[in-house]
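Please keep the sequence and the structure in view while reading.

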Amino acid sequence: MPTSRRSRLSATDRKQAILSAAAPIFARLGRDGATTKEIARAAGVSEALLYRHFTSKDVLYAALETHCVEANAVGSRILAEVTPSTETLVMGVAILVHAVFPGIGDAQSHEDTKRLVTASLLGDGQFAKAFLDQHVKPWISVFSQSFRAAQDAGDVESGIHIGHAEIWFVHHLANTLHLVSLPDITVVEYGITRDKLVENTVRFLLRGLGLQNAVIDRHYDPKKLKMIIISMDQKTS
C-alpha cells in the first residue's frame with residue numbers, strides 16, 4: 001500500500017484495517033500459528049506500526065472479539081425493542097438461526113468469526129466464551145422469558161418443560177450447520193435449497209421447544225422475515 005494512502009488513515013481506521021487483515025489469518029492459522037509479521041504484511045503496515053496500535057499478538061487477538069460481529073448490531077437492536085411473548089420466541093429463534101447460519105452482514109467476516117470461535121474451542125476456549133457471553137447469551141435470557149409467556153398463552157404443548165440447555169440448542173444447531181457449510185466442497189447433501197434448509201431448521205427448533213404447529217404457522221413467515229433482515233442489515237452497513 002503506498003505511503004501516501006497509509007498516512008491518510010486515522011488511528012481508528014488503521015486499527016480497524018489491521019483487525020480486518022488479522023481476522024482471516026487467525027481464523028486460518030489459529031492463535032499460535034498466526035504471526036504479527038504476516039498480519040502486518042496483509043494490513044500493508046510495518047510490524048513496528050502494528051505494535052503501536054496493539055502492544056502484543058494477544059492484545060490484537062482479544063480485540064477481534066468485538067471486531068468480527070457483523071450480525072451483532074442487528075441482534076442488539078431487535079433485543080432492545082422486544083417484549084417477551086410467543087411472537088418474540090418465534091421471531092427470535094428465526095433471526096438467531098439466520099444470524100448464525102447463513103449469517104447476516106459480510107459473508108467473509110461471518111466465516112472468519114466462526115473459524116475463530118471454532119479454533120478457540122479447540123484451544124483454551126477463552127475467545128469462544130467471551131464471544132458467546134456477549135453475543136448469544138442475551139438471546140438465551142429473552143428466549144427463556146418468551147417461552148414462559150408462550151406457556152401462559154397456551155401456545156406450548158402440554159407436559160413440555162425446557163431450561164437453558166434446550167434453548168442453547170438453538171444456537172448449537174445453527175452453528176453446526178454453518179460449520180458444515182464452511183468448506184468449498186459439499187460436505188453434506190441435504191437435498192434442499194439453503195433457504196429451505198433455514199426454514200426447516202427454524203421449524204424443527206420451534207417444535208423442539210414445544211410450540212404447536214398452528215402457533216408456528218401463525219407467527220413464522222420466512223419471506224417477511226427475510227425482508228426484515230435485509231432492511232435491518234442495510235441500516236447497519
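## Surroundings of Glu-199

Apart from neighbours within four places in sequence, Glu-199 is in contact (heavy atoms within 4.5 Å) with Tyr-220 and Pro-222. Glu-199 belongs to helix α12, helices being DSSP runs of H or I with at least four residues, numbered from the N terminus. With a relative accessibility of 18%, Glu-199 counts as buried, where buried means under 20% relative accessible area, exposed over 50% and partly exposed in between, for a 1.4 Å probe and protein chains only.

The model is predicted, so local features need pLDDT of at least 70 and side-chain atom pairs pLDDT 80 or more, while totals for chains, interfaces and linings use all residues. Residues are numbered from 1 along each chain as its sequence is written, and side-chain values use heavy atoms, leaving out hydrogens and water.

## Salt bridges

Glu-199 also forms a salt bridge with Lys-196 (3.8 Å, N to O), the term meaning a side-chain nitrogen of Lys or Arg within 4 Å of a carboxyl oxygen of Asp or Glu. Because the two residues are three apart in helix α12, about one helical turn separates Glu-199 from Lys-196. Lys-196 is partly exposed, at 36% relative accessible area, and a network of salt bridges links Lys-196, Glu-199, Arg-203 and Asp-217.

## Helices α7 and α12

The axes of helix α7 (residues 86-103) and helix α12 (residues 194-208) come within 10 Å and cross at roughly 135°. Residues of α7 that meet α12 include Leu-89, Val-93 and Phe-101, and those on the α12 side include Leu-197, Thr-201 and Leu-205.

Technical notes
Axes are lines fitted to C-alpha atoms, for helices over the stretch in contact, and angles run from 0 to 180 degrees between N-to-C directions.
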